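Have the structure open beside you and follow along.

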Amino acid sequence: MHARITDGGQAVREFESSSFRVDEVREGWLTFGAEWRPAKLWDLHTPQHQYDLHLALREDGGREPDVLPPVRFGFREFAIEGRDFRLNGTRVFLSAVPLDNAQVGAAAATYAAARESLERLRRLGINFVYTHHYDCLPGAHLSLAEILRAADDVGMLVALTQPHFSHYDWGTAEAERTNGYARHAAFYAGVAGNHPSVVMYATSHNATGYNEDMNPDLLDGRSSPRDNWANNNVKKALRAEAIVRALDPERLVYHHASGNLGPMHSSNFYPNFVPVQELSDWFEAWSTQGTKPLFLCEYGAPFTWDWAMYRGWYEGRREFGSAVVPWEFCLAEWNASFFGDRAFAISEAEKRNLRWEARQFREGRRWHRWDYPHQLGSNDFAEREPVFGRYFTENWRAFRTWELSANSPWEHHVLFKLRPGTVRNRREALPVDWTGLQRPGFSPDYLGERFERMDMAYGVEDWVATGGGEAIVRNNQPLLAYVAGGPERFTSRGHNFLPGETVTKQLIVINNARVSVEGRHRGRWACRNRCGVGRGSASRQGSKCGCRCGLISRRTWRPASTWLKRRWNSRLVKRSRTGSHCTCCPRRGSARRGPKWLCSIRSAKRRTGCVGGASGSGWWGRRKPRVSGTCSWWAGGALSVDGPAPSLERVREGLRVLVFEQMPAVLERRLGFRVVEHGLRQVFPRVPDHPVLAGLATEHLRDWQGAATLLPSRLKYELSPRYNGAPTVKWCGLEVPRAWRCGHEGSVASVLIEKPARGDFLPLMDGGFSLQYSPLLEYREGKGGIVFCQMDVTGRTVTDPAAARLAENLLEYVVKWQPAARRSAVYVGAENGRASLEAAGVRLAALPVPAGRGEGATSSHQGQPSPAGTPWRLDPEQVLVVGPGGGRELAGHRKVVATFLAAGVASWRSGWTRPRPTRACLSG
């Protein structure tokens with residue numbers, strides 16, 4: 001055998017095998033080789049570094065009876081070292097998506113179409129794909145030959161899928177030899193062949209994972225808490241892996257979405273709406289203790305389905321995305337935790353889905369997630385784009401800084417949408433290469449219906465990036481520079497500072513470009529009146545470096561939002577901008593001192609503390625609880641589920657109580673609230689002009705400095721057989737699934753009170769799902785009241801100026817508070833409306849009638865409508881509640897109602913639907 005290697009047509013190496021006879025060839029294979037160190041290595045940035053092999057069979061005398069067509073190949077080395085992937089000796093971090101070209105059709109599986117797809121993916125920062133046929137059954141895919149050739153030429157790493165072990169019989173000791181797996185695996189090893197782009201084989205898709213393969217503390221490469229079902233599958237998977245490794249020992253074999261198995265930890269990562277900050281910290285333990293690469297094969301945080309309520313279990317059955325269940329679309333409710341009230345300005349697409357869903361409920365039907373007029377997995381909902389953008393921006397930067405080995409933006413179809421006016425699925429004739437029809441490959445005649453995704457259809461100019469797409473384009477490029485948190489924690493988003501404080505930020509530069517990069521950075525700290533400029537430079541070969549920039553704010557600054565902007569200039573990125581948002585918190589004057597202000601402060605560690613000491617307020621505490629005629633203050637840990645506590649009987653007589661952070665068990669089992677443990681990093685003022693919010697705006701009520709300490713940093717849970725081994729917690733006596741917790745950095749409220757449906761409660765702030773939780777709640781009874789503060793103001797690792805200001809405001813408010821006049825409610829309308837109000841605890845006064853009908857005369861009993869034509873009057877100290885049908889009764893008393901409203905008193909319409917009453921019934 002004679003081998004000649006050429007580079008661009010020029011011979012660079014030749015060698016021959018020794019002479020052999022036909023009977024020395026084994027199963028059609030003959031192996032020979034020679035030592036050669038090539039001058040060029042194939043790499044992501046050097047895909048042109050390939051050679052051509054010309055192989056000929058020579059007889060004695062030099063005649064060549066058989067010559068093979070040239071074979072393209074390249075030299076590269078891909079290996080695992082510790083928890084890092086290494087390509088040609090240097091670290092490489094992988095950004096992956098599945099490649100669907102071989103499943104879509106012949107037009108997508110050609111060399112030209114595959115190359116176009118791969119080049120579009122590279123624009124997103126993707127450098128690794130895995131073939132998306134999770135099995136290799138007949139008909140699962142078309143030929144991969146042209147696709148792999150395109151990957152070689154573009155510079156895209158590939159994991160080629162091998163047959164799934166579950167389709168073969170492993171019941172005998174000799175199954176490896178008899179069940180056919182080895183023969184089929186050999187075919188795919190032949191498909192991989194000499195392609196330098198194919199660096200791995202993927203197998204065992206979704207069959208050997210376990211419930212805790214996302215647990216942030218079990219990603220270390222040592223833990224693998226599988227149940228018996230998963231362990232049985234692991235045995236089969238490892239037998240299949242051994243076959244593939246024997247066929248091709250030079251390539252890695254990994255088990256897709258299988259947790260800690262084989263050379264890496266791989267996971268389908270779907271954490272639902274875990275807070276953004278916790279996801280940014282999720283891989284800290286792995287980054288410091290991990291022993292294997294971590295590959296998030298399918299990453300969806302958030303996932304488009306997360307905006308529904310279905311989470312995989314319904315009526316005791318475990319199902320996934322194809323379930324026929326009430327999915328319950330809740331776009332506005334989930335978005336409310338990010339945007340507050342404006343989330344409820346719902347779009348026409350959401351209205352259409354909700355109306356369609358209501359009809360299914362009325363008719364007793366269940367449905368698939370794709371049955372909605374606007375499918376859950378579509379990009380029809382612009383309201384979701386800022387949420388995707390926030391998660392991708394913060395999390396992608398953090399993951400890359402923690403040096404996550406490989407990630408995959410699974411739902412990349414929602415990153416781009418078609419430009420308005422694009423003609424869809426138009427028939428387009430393709431040119432036919434009549435001279436090459438006898439060559440291997442596909443020759444499609446025309447394009448018809450498209451697989452509508454940015455990497456697969458239409459021209460690249462026909463696609464527009466969504467909010468998530470823009471975030472990925474910015475943060476998934478080989479070179480990334482951004483302004484991170486302070487030196488104590490780069491993921492910190494603390495932004496509240498006092499005038500005169502020193503602000504220290506880090507400039508993180510991440511280089512995954514495979515070449516050394518030199519650049520300069522220039523920063524500008526802009527505020528309302530002043531600005532400062534800093535300059536510097538940084539260079540690094542490898543993955544990551546950091547530059548600190550300390551910036552001192554001026555005491556003369558007025559409260560204002562500021563941005564630290566940085567420009568990064570390099571050979572790869574002409575100009576890159578990044579910013580960090582900071583907010584100045586105004587100082588308040590010194591608080592009054594005196595015996596009246598003494599309050600007991602007890603933290604969760606049962607130590608006496610001082611709230612607001614950093615801002616010089618002068619609030620201080622005593623070691624024992626103090627209950628006086630004016631104020632009682634308890635902080636977290638002062639109450640227990642069944643221990644003694646001060647009596648609150650004097651609240652009705654005028655005692656004011658301020659209750660700081662309490663544990664969930666106390667709130668639920670002792671005080672009777674429903675609560676949820678979910679660390680909010682953003683809350684919204686419900687009563688923005690309330691005294692306790694003086695000096696605080698919505699911007700101050702997010703991402704506080706330091707971490708909250710009310711709850712442990714990790715979740716206490718049990719693996720439940722009822723939920724197929726998923727982690728669960730107890731909530732109101734019920735067993736419910738719960739995602740893990742990963743610290744409380746930046747938390748503003750850790751234990752949230754669900755707004756009570758009954759009683760004299762006034763939520764001052766709210767947040768969470770549908771804004772149904774209030775971490776700051778005022779309760780009034782008699783002449784006194786209680787303020788429940790579940791904002792994380794007393795138990796923090798670092799005092800945030802906004803937290804200190806809120807605590808000071810609360811103290812001053814409780815001390816100065818005086819009971820306001822109480823209004824009585826008068827109801828006019830249908831009976832069911834009145835019953836609803838009474839069930840909520842509203843006491844309805846009887847409707848008075850003018851004097852002359854007898855002393856103390858009133859209208860019909862307990863607020864019932866008075867007979868038609870009967871005169872009645874309204875007291876200015878009352879609140880008029882008008883329910884359904886109330887307009888008819890008001891129409892007969894126009895002058896009374898007009899006088900009542902002109903006095904500036906309160907009215908409330910409840911339950912009115914179209915057609916609404918005309919203005920005539922409310923005016924004289």
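**Helix 9.** I began by listing the buried residues of helix 9, where buried means under 20% relative accessible area, exposed over 50% and partly exposed in between (1.4 Å probe, protein chains only). They are Leu-331, Ala-332, Trp-334, Asn-335, Ala-336, Ser-337, Phe-338 and Phe-339. That makes 8 of the 9 residues of helix 9 (residues 331-339), so the helix is largely enclosed by the rest of the structure. Helices (H or I, at least four residues) and strands (E, at least two) are DSSP runs, numbered from the N terminus. I then checked what the buried residues pack against, and found helix 10 (348-362), helix 11 (385-401) and strand 37 (684-685).

**Ground rules.** I note that this is a predicted model, in which local features need pLDDT of at least 70 and side-chain atom pairs count only at pLDDT 80 or more, while totals for chains, interfaces and linings use all residues. Residues are numbered from 1 along each chain as its sequence is written, and side-chain values use heavy atoms, with hydrogens and water left out.

**The whole chain.** I counted up the elements and got 17 helices and 47 strands. Of the 924 residues, 52% are buried. For contacts (heavy atoms within 4.5 Å), I looked at those with a separation of 6 or more, and 72% of them join residues 24 or more positions apart. The accessible surface, from the Shrake-Rupley method with a 1.4 Å probe, comes to about 43,800 Å², and 50% of it belongs to carbon and sulfur atoms.

Next I looked at an open sheet with the order 6-7-8 and antiparallel pairing. Which strands stand at the edges? They are strand 6 (78-81) and strand 8 (90-92), each with a single partner strand, so one side of each is left without a neighbour in the sheet. Neighbouring strands here are turned by 45° against each other on average, direction ignored; the axes are lines fitted to C-alpha atoms, for helices over the stretch in contact, and angles run from 0 to 180 degrees between N-to-C directions. Two strands pair if DSSP finds at least two bridges between them, and strand 7 (residues 84-87) has 3 antiparallel bridges with strand 8. Leu-87 has Thr-90 of strand 8 as its bridge partner.

**A hairpin.** I moved on to strand 39 (residues 726-731) and strand 40 (residues 734-737), which pair in the antiparallel sense over 4 bridges. Lys-730 stands opposite Glu-735 in strand 40. There are 2 residues between the strands of this hairpin, and Cys-732 takes a positive phi near 50°.

**Aromatic pairs.** Rings of Phe, Tyr and Trp (its six-membered ring) pair if their centres lie within 6.5 Å; planes under 30 degrees apart count as stacked, over 60 as edge-to-face and the rest as tilted. I searched the whole structure and found 45 such pairs. In one of them, Phe-15 and Phe-32 have ring centres 6.1 Å apart and planes at 65°, so the pair is edge-to-face. Phe-15 is in strand 2 (residues 10-16) and Phe-32 in the loop between strand 2 and strand 3 (51-57), 17 residues apart. Phe-15 is buried at 18% relative accessibility, whereas Phe-32 is partly exposed at 28%.

I also looked up Phe-269 and Phe-283, a tilted pair at 5.6 Å centre to centre with 50° between the planes. Phe-269 lies in strand 15 (residues 264-269) and Phe-283 in the loop between helix 7 (276-280) and helix 8 (284-289), so the pair ties together parts that are 14 residues apart in sequence. Phe-269 is buried at 1% relative accessible area, and Phe-283 is buried at 0%.

**Two buried residues.** Asn-809 sits in helix 14 (residues 801-816). Is Asn-809 buried or exposed? Asn-809 is buried, at 4% relative accessible area. Beyond its neighbours within four places in sequence, Asn-809 has contacts that include Arg-588, Pro-691 and Leu-696.

Gly-259 belongs to strand 14 (residues 259-261) and is buried at 0%. Leaving aside neighbours within four places in sequence, I found Gly-259 in contact with residues including Tyr-210, Asp-213 and Arg-226.
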